[in-house]
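Hi there,

Here is the structure I promised to pass on. Could you open it alongside this note and follow the residue numbers as you read?

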Amino acid sequence: MTPSEADAAAVGSWPEPLAHETALHELQEFRVDLRSCLPWWGDALFEIADAVLCGEGPVRNLAELSLVPGYARSHGSIQRAMNNGRIDMSA
């Protein structure tokens, strides 16, 4: 494949700008809906969900989530959120 063919293939693989904006909007709506389902310890539980999704590989124990880059809480906060947090399934 010549460089110009490779460039054309790479450009063709990017999503359309409208599709990108639509996907971002759907992700934002999902995150708002998820957060609205977490009335008690919601911020911590929401951050735990982010850490699970952003971590590398399966979660073997909760304390490891505090090591995921971008997670700003301590492992004690994870334990308290998991013990005291609530998920409102009707929301």
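Below is what I found, going from the whole chain down to single residues.

Some ground rules before the details. This is a predicted model, in which local features need pLDDT of at least 70, side-chain atom pairs count only at pLDDT 80 or more, and totals for chains, interfaces and linings use all residues. Residues are numbered from 1 along each chain as its sequence is written, and side-chain values use heavy atoms, with hydrogens and water left out.

**The chain as a whole**

The protein chain has 4 helices and 0 strands; helices (H or I, at least four residues) and strands (E, at least two) are DSSP runs, numbered from the N terminus. Read from the N terminus, the order of elements is α-α-α-α. Of its 91 residues, 18% count as buried, where buried is under 20% relative accessible area, exposed is over 50% and partly exposed is in between (1.4 Å probe, protein chains only). Taking contacts (heavy atoms within 4.5 Å) between residues at least 6 apart in sequence, 52% join residues at least 24 apart.

**α2 against α3**

Helix α2 covers residues 17–36 and helix α3 covers residues 42–54; they pack at an angle of about 135° with their axes 9 Å apart. For the geometry, axes are lines fitted to C-alpha atoms, for helices over the stretch in contact, and angles run from 0 to 180 degrees between N-to-C directions. The pair is therefore classed as oblique, given that angles under 35 degrees count as roughly parallel, over 145 as roughly antiparallel, 65 to 115 as roughly perpendicular and the rest as oblique. Their crossing is right-handed: a crossing is left-handed if the near helix is turned anticlockwise from the far one by less than a right angle, and right-handed if clockwise. On the α2 side the contact is made by Arg31, Leu34 and Arg35, and on the α3 side by Gly42, Asp43, Phe46, Ala49 and Asp50. Sorted by class, that contact of α2 with α3 has 3 nonpolar, 1 polar and 4 charged residues. The classes are Ala, Val, Leu, Ile, Met, Phe, Trp, Tyr, Cys and Pro as nonpolar, Asp, Glu, Lys and Arg as charged, and the others, Gly among them, as polar.

**α3 against α4**

Here the axes come within 9 Å and cross at roughly 110°, so α3 and α4 are roughly perpendicular to each other. The crossing of α3 past α4 is left-handed. Ala44, Leu45 and Ile48 of α3 meet Ser77, Ile78, Ala81 and Met82 of α4. By class, this contact of α3 with α4 has 6 nonpolar, 1 polar and no charged residues.

Which residues of α4 are buried? In this helix (residues 75–84) they are Ser77, Ile78 and Ala81. Seen down the axis of α4, they fall within an arc of 105°, so they line one face of the helix; the arc is that of the directions from the helix axis to the C-beta atoms. As a reminder, an α-helix has 3.6 residues a turn, so residues three or four places apart point the same way. What covers the buried residues of α4 includes α3.

**Residues worth a click**

- Ile48 is in helix α3 and is buried, with a relative accessible area of 6%. Leaving out residues up to four places away in sequence, Ile48 touches Leu65, Tyr71, Ile78, Ala81 and Met82. Ile48 and Ala81 are 33 residues apart in sequence and 8.8 Å apart in space, C-alpha to C-alpha.
- Ser77, in helix α4, counts as buried at 7% relative accessibility. Beyond its neighbours within four places in sequence, Ser77 is in contact with Trp41 and Ala44.
- Trp41 sits in the loop between α2 and α3 and is partly exposed at 34% relative accessibility. Trp41 is not a glycine, although it has a positive phi of about 60°. Most residues other than glycine have a negative phi.
- Arg80 belongs to helix α4 and is partly exposed at 42% relative accessibility. Setting aside neighbours within four places in sequence, Arg80 is in contact with Trp41 and Gly85. Arg80 and Ala44 are 36 residues apart in sequence and 9.0 Å apart in space, C-alpha to C-alpha.

Best wishes
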